[in-house]
Structures are given as structure tokens and as C-alpha cells.
Amino acid sequence: MTAASALLSQWTAHLREERRFSDNSVQAYERDVAAFLGFLNGHLGGEPAAKDLAELEPRDLRAYLAYRRQGPDALGDRSISRALAAIRSFYRYLERRHGVKNARLSLVRGPKLKRSLPRPVSEGAARNLIAEAGASNADDWQGARDAALLTLLYAAGLRISEALSLTGGDLPLPEVLRVHGKGGKERVVPLLSQAREAVALYVDMCPYTIDEDAPLFRASRGGAFSPRMAQALMERLRIRLGLPSSATPHALRHAFATHLLANGADLRAIQDLLGHESLSTTQSYTSVEAQKILQAYRRAHPRS
């Protein structure tokens with residue numbers, strides 16, 4: 001029978017090449033399942049094979065989850081749920097591609113999680129972040145880059161990875177942009193003229209040639225501007241503006257959705273614009289808006 005380590009390699013190749021998962025997602029899935037197989041190596045007294053995976057009992061999986069809750073590297077509820085989701089995904093692949101079935105493991109339930117609400121920045125904070133980005137950099141072209149990037153995140157609801165994956169081949173930015181999101185899924189988002197103009201200004205000022213296959217957003221030495229750099233940019237800006245630590249690049253995507261909803265946009269349309277697979281994910285923004293209304297009511301009502 002095929003060794004579990006070989007099956008793991010085949011599965012991660014499937015995620016990367018067929019399902020088009022991002023490198024970060026593949027690495028996270030691989031890390032979770034590799035930890036599970038490593039536990040089984042000691043739990044079963046040797047490297048498991050496909051037959052062993054098919055014969056595991058729910059108590060074996062529960063023993064693993066209990067093991068991951070111990071020691072200095074103990075996992076919390078969300079990490080346990082993520083690990084369990086990765087293992088289940090691995091087993092679905094094994095059943096489809098290798099006929100390895102183990103329905104018993106579906107009896108194992110993960111911890112109940114309290115769904116956290118998105119934490120967008122306000123409309124005023126979004127405007128201030130963009131303005132501060134353009135004004136705070138001593139080197140004009142870098143200030144133009146920072147303002148263009150944040151404008152794009154807020155105007156189109158892009159993930160930071162989606163914005164930073166744009167290349168010179170996408171120029172000049174059209175009124176409607178095709179975006180490749182999670183899992184290689186394509187969606188279409190309209191671009192406001194302000195976003196297109198901000199990017200065009202940055203491109204005109206950028207000292208580096210932005211060839212068709214070169215990254216659109218460039219670091220100070222000409223390399224690709226990275227997500228880590230974007231996080232550092234937002235940290236500097238939020239400190240200057242006195243914003244909370246939740247003011248991250250992703251908070252601008254949350255703001256895009258929340259502000260559209262507050263101004264009457266249809267929930268299904270927002271789902272399409274964000275590229276959410278499930279409407280329930282998009283519905284979390286209705287809870288954010290309801291909380292804002294309730295807070296305003298409590299502040300304003302004389303009997304509150």
C-alpha cells in the first residue's frame with residue numbers, strides 16, 4: 001500500500017496544480033496534515049500507509065486533537081478547527097483518487113467557534129489613510145505608490161495579494177478589471193476613475209520600467225512590493241492617525257463591503273464583487289452595519 005507521506009505529496013500537488021490554491025494555502029494545509037501523519041507515526045508505531053488511514057477510529061483522531069492542545073505550542077480553537085478541516089480535505093481527496101474511505105472520522109466534531117465580525121475602517125479613516133499615504137513619504141513616487149495601492153484596495157475591495165499580483169500587462173487599468181482570487185477563481189470588479197487615476201499617476205512617477213510581466217507595485221529598490229511591506233505601511237499610517245490595530249490592508253476590503261451595504265448595495269452584488277463562494281460569508285457585513293445602528297441609537301436616545 002502507498003505510504004501516507006507519498007499520498008500527502010500527491011494531495012498538495014493536486015491543491016497547487018489542479019485546484020490552484022495559493023502557495024500560502026498549500027503550505028498551511030500541508031503543515032496541518034503533515035503534523036497529523038507525524039503523530040500517527042508514533043501513535044501507530046511506524047509510518048502509516050493508506051490501509052492504516054482507512055482503519056483509523058474516531059478515538060485516534062480525538063487523541064491527535066487532544067495532543068495538539070498540549071505543551072508550549074498548544075493550538076487554540078480556531079487552529080484546531082483549521083487542522084481538522086485540512087485532515088477532512090485530505091480524506092476527501094483519498095476517497096476520490098485512491099478509494100481510501102473512512103466515514104467514521106466524520107463523527108469527530110471540532111470546537112464550536114464564535115464567528116468574529118469583520119472590522120472595517122470608517123469612511124473618514126479610509127480617506128485619511130489614503131491622503132496620509134500620499135503625503136507622508138519623502139520620496140514622491142513612493143507616496144504615489146502607497147496612495148494608489150490603498151485606493152485600489154478600498155475602491156475595488158481587493159485582497160492585498162490580488163492587488164500585488166497585478167503586472168504591467170494590466171496597464172492601463174480598465175474600467176472593469178478581471179481579478180484572479182483564491183483558488184484561481186476569476187471575478188470581475190469595476191474600477192472607479194479615482195483608482196485608475198491614482199495608479200496612472202504612480203506609474204508615471206515610478207523610476208522603474210514596468211514591463212508586461214513585471215509587478216505593477218515596486219519596492220524602493222525595484223523589486224516587488226510585498227504583503228509584508230503593505231502591512232508595515234498600514235502600521236505606520238494607523239499610528240500617525242491614531243487608528244486601532246485592526247486597521248490593516250484587509251480592513252480596507254472590509255470597508256469596501258460595509259460602506260457599499262450602508263449605501264444601499266445589494267448583498268448578492270457585494271458577494272460577487274468580493275468573490276465570496278458562500279452568501280453567509282458576505283452576510284457577516286450586515287451584522288457590522290446593525291451594530292453601528294445600535295451604537296448610534298444608544299448614544300442618541302434620551303432614555304438609553
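This report describes the packing, helix geometry and backbone features of a predicted model.

**Nonpolar cores**

The largest nonpolar core comprises 52 residues, and Val121, Leu150, Leu152, Tyr202 and Phe217 have the most contacts inside it. Helix α7, spanning residues 140–156, gives the most to this core, with ten residues. Another core, of 30 residues, lies apart from it and includes Val26, Val33, Ala50 and Leu105. In soluble globular proteins, nonpolar side chains tend to be buried together.

Leucine 150 illustrates the contacts made by one of these core residues. Leaving aside residues up to four places away in sequence, leucine 150 touches Leu129, Ile130, Ala133, Leu233, Met234, Leu237 and Leu252.

**Helix α5**

Helix α5 covers residues 77–98. With 22 residues at 1.5 Å a residue, α5 should span 32 Å, and the 31 Å between its end C-alpha atoms agrees with this expectation. The buried residues of α5 are Ile80, Ser81, Ala83, Leu84, Ala86, Ile87, Ser89, Phe90, Tyr91, Tyr93 and Leu94. An α-helix has 3.6 residues a turn, so residues three or four places apart point the same way.

Just after α5, glycine 99 adopts a positive phi of about 70 degrees.

**Strand β1 and leucine 177**

Strand β1 consists of residues 176–180 and contains leucine 177. Leucine 177 is classed as buried because its relative accessible area is 3%, which is under the 20% limit. Its contacts, not counting residues up to four places away in sequence, are with Leu166, Arg187, Val188, Val189 and Leu191.

**Backbone exceptions**

Most residues other than glycine have a negative phi, and most peptide bonds are trans. Arginine 20 is not a glycine, yet has a positive phi of about 60 degrees. This arginine 20 lies in the loop between α1 and α2. Its relative accessible area of 55% means that arginine 20 is exposed, the threshold for that class being over 50%.

The peptide bond from leucine 171 to proline 172 is cis, with omega near -15 degrees. Proline 172 is located in the loop between α8 (160–164) and β1.

Technical notes
Residues are numbered from 1 along each chain as its sequence is written. This is a predicted model: local features need pLDDT of at least 70, side-chain atom pairs count only at pLDDT 80 or more; totals for chains, interfaces and linings use all residues. Side-chain values use heavy atoms; hydrogens and water are left out. Helices (H or I, at least four residues) and strands (E, at least two) are DSSP runs, numbered from the N terminus. Buried means under 20% relative accessible area, exposed over 50%, partly exposed in between (1.4 Å probe, protein chains only). Contact means heavy atoms within 4.5 Å. The expected span of a helix is 1.5 Å times one less than its number of residues. A nonpolar core is a set of buried Ala, Val, Leu, Ile, Met, Phe, Trp, Tyr and Cys residues joined through side-chain atoms within 4.5 Å.
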